[in-house]
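Have the structure open and follow along.

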Amino acid sequence: MSKVLVSDPIDQAGIDILSQVATVDVKTGLKSAELIEIIGDYDALMIRSGTRVTEEIIEAGTQLKIIGRAGVGVDNVDVPAATRKGIVVVNSPEGNTIAAAEHALAMMLSLSRHIPDANASVKRGEWDRKTFVGAEVYKKTIGIVGLGKIGSHVAAVAKAMGMKLLAYDPFISNERAEQIGCQLVDLDLLMQQADYITLHIPKTPETTHLINAKTLAKMKPTARIINCARGGIIDEAALAAAIKEGKIAGAALDVFESEPLGESDLRSLGKEAILTPHLGASTTEAQVNVAIDVAEQIRDVLLGLPARSAVNIPGLGPDVLEELKPYMQLAETLGNLVGQLAGGRVETLTVRLQGELATNKSQPLVVASLKGLLHQALRERVNYVNANIEAKERGIRVIETRDASVRDYAGSLRLEATGTLGTHSVTGALLGEKEIHLTDVDGFPINVPPSKHMVFTLHRDMPGIIGKLGSLLGSFNVNIASMQVGRKIVRGDAVMALSIDDPLPDGILAEITKVQGIRDAYTVTL
Ligand SMILES: NC(=O)c1ccc[n+]([C@@H]2O[C@H](COP(=O)([O-])OP(=O)(O)OC[C@H]3O[C@@H](n4cnc5c(N)ncnc54)[C@H](O)[C@@H]3O)[C@@H](O)[C@H]2O)c1
Ligand SMILES: O=C(O)[C@H](O)COP(=O)(O)O
């Protein structure tokens, strides 16, 4: 049975799902060295933001197949290191969207009305109605930096509260911003005009210290800034100074450059600053959502199925996956088959996406073809995550072509592998939506479902050849399950595809090529 390590607090709903297929150990608060010591025993690691999964941990995780982040941000995972090792990294892109958006909105209202400090003063026995006079958000301008999932929900609620909406997001179209009711502006204008600035962007090299002394200087003295995205997007020292010097009216932070927050000037600020301990996703609802979402993906990957929200498998989002799923198996099978026919070292793989597959969306089929091609060499070490890297390291050139005009089947795939021993090609399609059929081998039309053990011959189409091959295999006790010949012209060259019940015993391939009229023979195991 597989083993899963859960190293951060995860809702029980997730643990229950994992327990269906694995032994689950929950060990939270581990130090890096402790994690390195035990990670080698586990097939999967499930985390939140509390565990930093470094390259060292990934190297020690010799059995690891998947790292599941029960939340959005994977900045605490060395994703490139995981990719190099073929480890799938998944997250829950939407499970805590509402929770994070509501936290940012709660921060905005709390800042405006000094709720935390007013509450604390009443609890101290005071009744101070002067100090805590606030400001309304109605008719004020909110500047949303990052108009993605969380930013858009913040926008919808802010609009309903009567706020004017500005947004800065270089990757969003004007049409999309208009749909949300936001005016897209550049960062400078947003910083200058907004009364409330709220950050909803990932932390990347470009966004690190995006908000610094220079940008803060552009804000109105009455403006406030909220960060429920990632620590480090704001330069904390510059922010504390700007508040202390009265250059801006305040800030609310849920995330920090270093967590837990240690010694910091931010802690000495008064009611102008509200600090929460990374609580954006901490609602009961969000924790159930993300735990179920990620546990299901870990379960699927451990069962050999693809994950719907893998962050290191390009182009394999849930919608694409649903559409392409049946074709992924076709691509892998064809890749595996053409690799075995080519034998030796493959130098070029050409994948032609045909018919309705001739679109950008089908790109994952190229990766699946490569995975199939590399299967003989790498077995389970190759997967959708590392197939591209492995191919590159082996010097395999991958060419993707498209031909929408091929309409023999709704969609079909043609793979051609050129290697040290020559060139071979296979084409396949799906019948009845799921059943894989080989429709062409080396340019000869056939129509056979691939089976586990097969023999292919290239021969002269002439009387008696099928009988001779049948008797030869029979004399070695090889049982033929099915046989089909593909030819272009009568008595010309032809291809024979035989499905056999067991692997072809050693030495028989050479005997087959001695049969008069047979030029070449190949055996494959799929
Ligand atoms: N505090 C919490 O507990 C909590 C909870 C959930 C998410 N988050 C964080 O919130 C952030 C947003 O999450 P999301 O789900 O909305 O992500 P998302 O991917 O849906 O949206 C991010 C948006 O940022 C934009 N963006 C990227 N780089 C940018 C840049 N340099 N300048 C401006 N815009 C840029 C993108 O175009 C995108 O529209 C992430 O950092 C996530 O980790 C925090
Ligand atoms: O990226 C996220 O999903 C949030 O930062 C939540 O982090 P958490 O799971 O540690 O609460």
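## Around ligand 2

Ligand 2 has these residues around it: R48, S49, R69, A70, G71, V72, G73, N96, R230, H278 and A281. Keep in mind that this is a predicted model.

Let's look at some of the contacts. The side chain of S49 puts an N or O atom 2.3 Å from an oxygen atom of ligand 2. With V72 it's the backbone that takes part, an N or O atom there lying 2.6 Å from a ligand 2 oxygen. H278 comes in through its side chain, where an N or O atom is 2.6 Å from an oxygen atom of ligand 2. How much of ligand 2 does the protein bury? On its own the ligand exposes 320 Å², and the protein buries 91% of that.

## How the chain is divided

The protein chain splits into four pieces: domain 1 (3–94 + 285–303), domain 2 (96–275), domain 3 (314–450) and domain 4 (451–525). Domain 1 is written as two segments, 3–94 and 285–303. If you take centres over C-alpha atoms, domain 2 and domain 3 sit 49 Å apart.

## Salt bridges

The salt-bridge count for this model is 20. One of them pairs K371 with E332, with 3.0 Å between the closest N and O atoms. This pair ties together distant parts of the chain: K371 belongs to helix α14 (residues 364–378) and E332 to helix α13 (residues 318–342), 39 residues apart. Are these two partners buried or exposed? Both K371 and E332 are buried.

Another bridge joins D461 and R487, and here the closest N and O atoms are 2.7 Å apart. Again the pair links distant parts of the chain, with D461 in the loop between β19 (453–460) and α16 (465–475), and R487 in strand β20 (residues 480–487), 26 residues away. D461 has 14% relative accessibility, so it counts as buried. R487 is partly exposed, because its relative accessible area is 40%.

Next come E347 and R345, whose side chains meet in a salt bridge at 3.5 Å, N to O. E347 has a relative accessible area of 32%, so it is partly exposed. R345 also counts as partly exposed, at 47% relative accessibility.

There's a network to look at as well: salt bridges link D293, E296 and R308.

How many disulfides does the count come to? The count is 0.

Conventions
Residues are numbered from 1 along each chain as its sequence is written. Chains are lettered from A and ligands numbered from 1 in the order in which they are written. This is a predicted model: local features need pLDDT of at least 70, side-chain atom pairs count only at pLDDT 80 or more; totals for chains, interfaces and linings use all residues. Side-chain values use heavy atoms; hydrogens and water are left out. A disulfide is a pair of cysteine sulfur atoms within 2.5 Å. A salt bridge is a side-chain nitrogen of Lys or Arg within 4 Å of a carboxyl oxygen of Asp or Glu. Helices (H or I, at least four residues) and strands (E, at least two) are DSSP runs, numbered from the N terminus. Buried means under 20% relative accessible area, exposed over 50%, partly exposed in between (1.4 Å probe, protein chains only). Domain bounds come from an automatic or database domain assignment. A residue is near a molecule or strand if one of its heavy atoms lies within 4 Å of it. A polar contact is a pair of N or O atoms within 3.5 Å; within protein, one must be able to donate a hydrogen and the other to accept it, and residues adjacent in sequence count only if both atoms are side-chain atoms. Accessible areas come from the Shrake-Rupley method with a 1.4 Å probe; for residues, only the protein chains shown count as cover.
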